[in-house]
Amino acid sequence: MEFPKDMFERIPNKDKANIEVVRPSLTYWQDVWMRIRKNKLAMLGLIVVILVTLLAIFGPMFSKYDYHTQNFAIANQGPSAAHWFGTDKFGRDSFVRVLYGARISLTVGYVASILSILIGVVYGGIAGYFGGKVDNIMMRIVEAIYAIPITIYVILFMVVLGTGLKSIIIALAVAFWITMARIVRGQVMSLKQQEFVLAAKTLGASPMRILLKHLIPNCMGPIIVTLTLSVPDAIFQEAFLSFIGLGVPAPMASWGTLASDALEGYQLYPFQLFFPAMAICITMLAFNLLGDGLRDALDPKMRK
């Protein structure tokens, strides 16, 4: 069918210039980033997280001290120009040891959280998509694992794998993926009845393709928020385990180990306990501020 040309009228160029774009078109993630930038506390948390991470990676490279060399002649000295955070009972520079502790604590937090995503997203997605008996069996397994304290996991993996960073990371990943699986399961169960899933089924898409290409990408908001909030939880859990003696072996030291070593003489040398405790508090606060900002930015109900 052809339309007659007299039904159309060309718009003059002067009228085109008067057309004003009220708001530029933004993608979903551009809109998220725009709203995060407006949240000052979230941006503060992001800056602190980046700064702490960079200090942990590059800070020790620019120091003339290392984390294990002992010098009893300068033991238990207070903060000074030579030793910004003072020295410990073995004469080791506390500032460098806090930076090395940041490497261990952040490594545990990041790696354990990433592993929890890889396991929890797939597990929870399968349980939520297939439902029925599959969901019941998988959720009973989750409840059984959730009932076991995390300390038992650490002791078990230390017996099997030996003491060290690997045992702590695996134990925390085993404990943390449960929360991720529950969140993803609930999101998938609410999305699998939507029209786009029905369209994918009509076109012959396999269940795994629907799950990986359609459902899980639509769950990325809660997944990212949970990931951001699980990092400080992992850091705190690692600090607690190191504090009670289940952490990394000496002379390596995480923030929890530094706090545990300083506890004996905290009344005489409170600075030895203050600095690692302050590092834990600042890092956890920064991650929580960033997580709250991401939750608000990724929540569709918060859009105007």
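Helix H4 passes helix H10 in a right-handed crossing. This description concerns a predicted model. It covers two helix pairs that share H10, namely H4 with H10 and H10 with H11, and then a residue with a positive phi, asparagine 76.

**Helices H4 and H10**

- The axes of H4 and H10 come within 8 Å and cross at roughly 135 degrees.
- On the H4 side, the contact includes Ile104, Leu106, Val108, Tyr110, Ile114, Ile117 and Val121.
- On the H10 side, the residues in contact are Ile223, Leu227, Ser230, Val231, Ala234, Ile235 and Glu238.
- Sorted by class, this contact has 13 nonpolar, 4 polar and 1 charged residues.

**Helices H10 and H11**

- Helix H10 spans residues 220-243 and helix H11 spans residues 255-262; their axes lie 7 Å apart, at an angle of about 35 degrees.
- The crossing of H10 past H11 is right-handed.
- H10 contributes Ile235, Ala239, Ser242 and Phe243 to the contact, while H11 contributes Trp255, Gly256, Thr257, Ala259 and Ser260.
- The contact of H10 with H11 has 5 nonpolar and 4 polar residues, and no charged residues.
- Ile235 of H10 takes part in the contact with H4 and also in the contact with H11.

**Asparagine 76**

- Most residues other than glycine have a negative phi.
- Asparagine 76, although not a glycine, has a positive phi of about 60 degrees.
- Asparagine 76 lies in the loop between helix H3 (40-58) and helix H4 (94-130).

Definitions and conventions: Residues numbered from 1 in each chain as written. Predicted model: local features only at pLDDT ≥ 70, side-chain atom pairs only at ≥ 80, totals over all residues. Heavy atoms only, no water. Helix = DSSP H or I, 4+ residues; strand = E, 2+ residues; numbered from the N terminus. Axes fitted to C-alpha atoms, helices over the stretch in contact; angles between N-to-C directions. Left-handed = near helix turned anticlockwise from the far one by under 90°. Contact = heavy atoms within 4.5 Å. Nonpolar A, V, L, I, M, F, W, Y, C, P; charged D, E, K, R; others polar.
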